[in-house]
Amino acid sequence: MDSTAQRPSPLRVAAVVSFYMFAALVMVFVNKTVLNSTPDAPLLFLFFQLVIAVILLHVSALFSSRIEIPHWDRSTAKNLVPVVTINIVGLVFNTLCLREVEASFFQIARGLVLPLTITVSSLASHSHPASRVVIAAGVVTTGFFIGVAPEGSLPISSIPSTKSLFYGVFSSLSIAIHTVLIKSSLPYCNNSTIQLAYWTNAGSAVLLAPFVLLHGEPAKILELSTSSDWNMKVFIWGSLVTGLFGFLLCVAGLLSIKVTSPVTHMFSSAARSVIQTLLGVWLFHDILTTNRVVSLMAILGGTMYYTWVKAKEQSQSQPPARPIDLEALNHAKDDKDEMNGFDAREKATGPDSDSD
């Protein structure tokens, strides 16, 4: 089959990325609500999300043959240790960072995601990023650092601590490595995003469980349950909602990286951060300063420039007439009766052709 025919259609890419962005936004704001209510149990909260996601995968498999739960295999588990480990490390640092900063500042605190993703992707593929990609990344990254710059007009409660920025840096590094590891890990799961999602969630829950106990968080929850000042419903419902959307986000994120490139995936996250900041101001009354406005403008400018560069590259490399993708049409028909996007038998699309 011609390599061009294997490329996902623009409509499919747009749908997957939009789905990913929506699920991610819900996750951030519900997570922030629960962490504000119960700041002393972040690992237990994260553990519940992972367990719920695994349960939902099992339930979904009962209703759709396209969702395959992988069988336990020591060799596969061993090969997936790197991606599972870096996944849980990134999730922990993400959760701790979100607990420490305002929702509108969350993506700014993780401003090193883009340059680190480009660096890791280039090292993994033994290639050099195109100069225009580097320029776009530089513009977006500059926007993030403008947002991080100290401002004397901010109240103490809105000033990010050194600890929160530390969490953000390590979260960025973990996300960058994880994004690149996903494509190399898919072959161990029959190129199924669903099977990789299952291994990632189940493996992360197993790795996290000992730390939940060592941190004494179950005992802290029992202690809080006796207090009239703590709203248990926020924690319970927050766990259920984030568990559901964590399941959707895991699959959406894997699909987003599979049909695009790691760097494209990260730039869509940058665009999401703009929406996230505005929602943080609206929902949590976060403070939007001049620095943060300039930061948002730089992020948008860099993202639009990158989109223009990629669109131009695609138009130059695309043949005049593209054959009809019969496989995509069949998938669209099948998805009317099954969960959209959960193609557990999807064939490998091969290495991404973007020259990042």
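This is a predicted model: local features need pLDDT of at least 70, side-chain atom pairs count only at pLDDT 80 or more; totals for chains, interfaces and linings use all residues.
Local features need pLDDT of at least 70 and side-chain atom pairs count only at pLDDT 80 or more, while totals for chains, interfaces and linings use all residues. Residues are numbered from 1 along each chain as its sequence is written, and side-chain values use heavy atoms, with hydrogens and water left out.

Leaving aside residues up to four places away in sequence, L208 touches L43, L46, F47, L50, I88 and V92 (heavy atoms within 4.5 Å).

On to the aromatics, where 11 pairs turn up (Phe, Tyr and Trp rings, six-membered for Trp, with centres within 6.5 Å; planes under 30 degrees apart are stacked, over 60 edge-to-face, the rest tilted). F22 and F245 sit edge-to-face, 6.1 Å centre to centre with 65° between the planes. This pair links F22 in helix α1 to F245 in helix α11 (residues 232-259), 223 residues apart (helices are DSSP runs of H or I, at least four residues, numbered from the N terminus). F245 is buried, at 17% relative accessible area. F93 and Y167 make a tilted pair, because their centres are 6.2 Å apart and their planes at 45°; both residues are buried. Elsewhere, ring pairs join F45, F47, F48, W230 and F235 into a cluster.

Note on methods: Helices (H or I, at least four residues) and strands (E, at least two) are DSSP runs, numbered from the N terminus. Buried means under 20% relative accessible area, exposed over 50%, partly exposed in between (1.4 Å probe, protein chains only).
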